[in-house]
Amino acid sequence: MIHSIAPDIPVHSKMVGSTLKDRNYLLWGPDPEQWATFSQLSGNDASNYPGQGVDGFLGKFAFYDLQASIARTPVFDSEDHMIPDRSTSYSKAEAAHVAADLWQGALHGRSATAFWVWARTTEVASTLAGSMLHRPDAIAAAGRTSLDLNRFAAEVALLQGAGSGVGIVYSRTSSVYSSQHLAAVREVYRALLMNGIPVHFVTESSLARQQVRDGVKLVVAPGVTHLPAACLQGLRVLARKVRLVVAGADPLTSDERNQAHSARDRTAVLREATVLSADGPADIGAAVLDLARRSRLAAVTLERTAGGAPTAVEWRPVRDGRRWLVGVTNYGAQAEVVTVRLHGRQPLDLHDLLSGERLGSSPVELTPLTPRLLVLR
């Protein structure tokens, strides 16, 4: 209606950013792909609260990544929940959490935000109680982070577009019929993202058009049991252009009406794919990560001094000419000390743009909820 009157005015409309968190949100009705057809600002209402750790951050940012994968429009979280309503916790962790969320959310495509809520109250039962305006340290942290995002806008824009060539299939149809699909999507997303492998999402509309985002060379279909026939055909065509990985029990068996696909069509797709023998969501995530490592998809790796990769640290690398940029944040409660490697070797030059530190070849300390913007050469 708006565009029938003023076709050039950008439209913003928001939906709750929980599509990938819980299939029960399907009952609410909104479809992010339909939403993108009439919005020039990809709006959402998403949350991540102190103490939720890795799941809180990634649960929120996955929706940003989904919106950014569906449409090349700015992501605007116009009801951004970082502090719980009526919270009475006033530790230092809240301000650090706000700063980490603001910074990392920008790397996942969020280009604007409006806090819930910018108001004060003396009524302890009100949803406004405990909000941002009651927290001077959180406001200061938000201000500093906003200045940093503007100071390093060019670097942030590059990191927003970071990709490893991996696309994860999100199937609304499979979400309806299977409780395992979204769980498998989340496990694969977490396994790759927390090992320096940024990802995009591939939706049913993309499959039906037989298209994936530029640069995607590997498409993972985790726990995808049901797909419309046009999407199955799209997978078959794409499997000749990119590497297709299928994982989960009874893959690609039925269509949107729960009718079985023809054995011939299904077999033709699976014959072109790498089929992983993993069923449960956690096993699927581990199997895809193992494949990604063997395929050397991670250009930048972090290794604890005691060995192994940190489990609560996200790092997001992107090449920038002759240097690499890496956004790194520790979502855990304990500091991590890591060695940074580029293509398996320690970089000749390593420094942090945010803090101004020259780190040389020394191990890097990652304090909780303190973003770093590393430059590697």
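**Entry 1: the model.** I am working from a predicted model.

Entry 2: I found an open sheet of five strands in the order 6-5-7-8-9, with parallel pairing. At the edges I noted strand 6 (199-203) and strand 9 (274-276), each of which pairs on one side only.

**Entry 3: partners of strand 5.** Which strands does strand 5 pair with? On one count, I found strand 5 (residues 166-170) paired with strand 7 (residues 218-222) in the parallel sense, over three bridges. Here I saw V166 opposite L218 and I168 opposite V220. Strand 5 also runs parallel to strand 6, and five bridges join the two. One pair I wrote down there is V169 with its bridge partner V202 in strand 6.

**Entry 4: buried or exposed?** I went through strand 5 residue by residue. V166, I168 and Y170 point one way, G167 and V169 point the other way, and all are buried. A reminder to myself: in a regular strand, side chains alternate between the two faces of the sheet. Five of the five residues of strand 5 are buried, so I have strand 5 down as largely enclosed by the rest of the structure.

How values were computed:
Residues numbered from 1 in each chain as written. Predicted model: local features only at pLDDT ≥ 70, side-chain atom pairs only at ≥ 80, totals over all residues. Heavy atoms only, no water. Pairing = 2+ DSSP bridges. Helix = DSSP H or I, 4+ residues; strand = E, 2+ residues; numbered from the N terminus. Buried < 20%, exposed > 50% of the residue type's maximum accessible area, 1.4 Å probe, protein only.
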